[in-house]
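Hi everyone, thanks for coming. Let me put the structure up on the screen, and then we can walk through a few spots together.

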Amino acid sequence: MARLGLCLSFLVIFHILHMFGAADSTIARHSSPTAFIKASCRATDYPALCVQSLAGYASAIRHSERQLAQTALTVSLARVRSAQSFVAKLTRVRGIKPREYRAVKDCIENMGDSVDRLGQSVRELGQTGRAFGQDFMWHMSNVETWVSAALTDESTCLDGFSGRFMDGNIKTAITRRVNNVAQVTSNALALVNRFAAKHRAASAAKQP
């Protein structure tokens, strides 16, 4: 009898947990797109910036993990392009020092590389809608690799301005702009990783 009672208790608890899980799932499905974005952005290193940069696209994102990652990459790409144009203008600043000029030119190249990699990532992620299994994971691995490399490109730009001898208005302006871009790209990478991880978990759950 004791064993039977224990089994019944376990079944009751399991049923209650299942009910709560279903309720949470229902709440997630019926929450607003903005709430979905806020919840998803908790997985990033800069959640406030994440929400600020993506909230305007809530109607397009809705509750789609793929569309969220795609939008985050597209926003990052636009920010990097803008930063590249901004940095390029600094080569024409009056009184720029030779070492500053070289660092700015290198940064322009780094930003160009970042634009290329993020552009590739946006296109590659777009291919996942028609991919399944190993094919899907191959596309996602490419996206994760390229976004990570884009983030490295942005960091490399800032490395060119390290040291006190580079201090000045040009360094301050570039550091502020590129830091913001790097944070947006970091958030995009986190959301891409989150999307890939959820797909891996779902695929693993389907396996016998």
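So, at roughly what angle do the axes of helix α5 and helix α6 cross? The axes of helix α5 (residues 65-89) and helix α6 (residues 98-126) cross at roughly 160° and come within 9 Å. That makes α5 roughly antiparallel to α6, a label used for angles over 145 degrees. The axes here are lines fitted to C-alpha atoms, for helices over the stretch in contact, with angles running from 0 to 180 degrees between N-to-C directions. Helices themselves are DSSP runs of H or I, at least four residues, numbered from the N terminus.

A quick word on what you are looking at. This is a predicted model, where local features need pLDDT of at least 70 and side-chain atom pairs count only at pLDDT 80 or more, while totals for chains, interfaces and linings use all residues. Residues are numbered from 1 along each chain as its sequence is written, and side-chain values use heavy atoms, with hydrogens and water left out.

Back to the helices. α6 and α7 pack with their axes 8 Å apart, at an angle of about 165°, and are therefore roughly antiparallel to each other.

Next, please find Ile174, in helix α8 (residues 169-206). Is Ile174 buried or exposed? Ile174 is buried, with a relative accessible area of 0%; buried means under 20%, exposed over 50%, and partly exposed in between, with a 1.4 Å probe and protein chains only. Leaving aside residues up to four places away in sequence, Ile174 touches Val87, Leu90, Val104, Cys107, Cys157, Leu158, Phe161 and Asn179, where contact means heavy atoms within 4.5 Å. The C-alpha atoms of Ile174 and Ala83 are 8.4 Å apart, although 91 residues separate the two in sequence.

Now for the rings. The count comes to one aromatic pair. Phe136 and Phe195 form this pair, edge-to-face, at 5.7 Å centre to centre with 80° between the planes; the rule asks for ring centres of Phe, Tyr or Trp (its six-membered ring) within 6.5 Å, and planes under 30 degrees apart count as stacked, over 60 as edge-to-face and the rest as tilted. The pair links distant parts of the chain, with Phe136 in helix α7 (residues 133-159) and Phe195 in helix α8, 59 residues apart. Both Phe136 and Phe195 are buried.

Last stop: Arg62, in the loop between α4 (58-61) and α5. Arg62 is exposed, with a relative accessible area of 57%, and its phi is near 55°, a positive value in a residue other than glycine.

Conventions: Helix = DSSP H or I, 4+ residues; strand = E, 2+ residues; numbered from the N terminus. Parallel < 35°, antiparallel > 145°, perpendicular 65-115°, else oblique.
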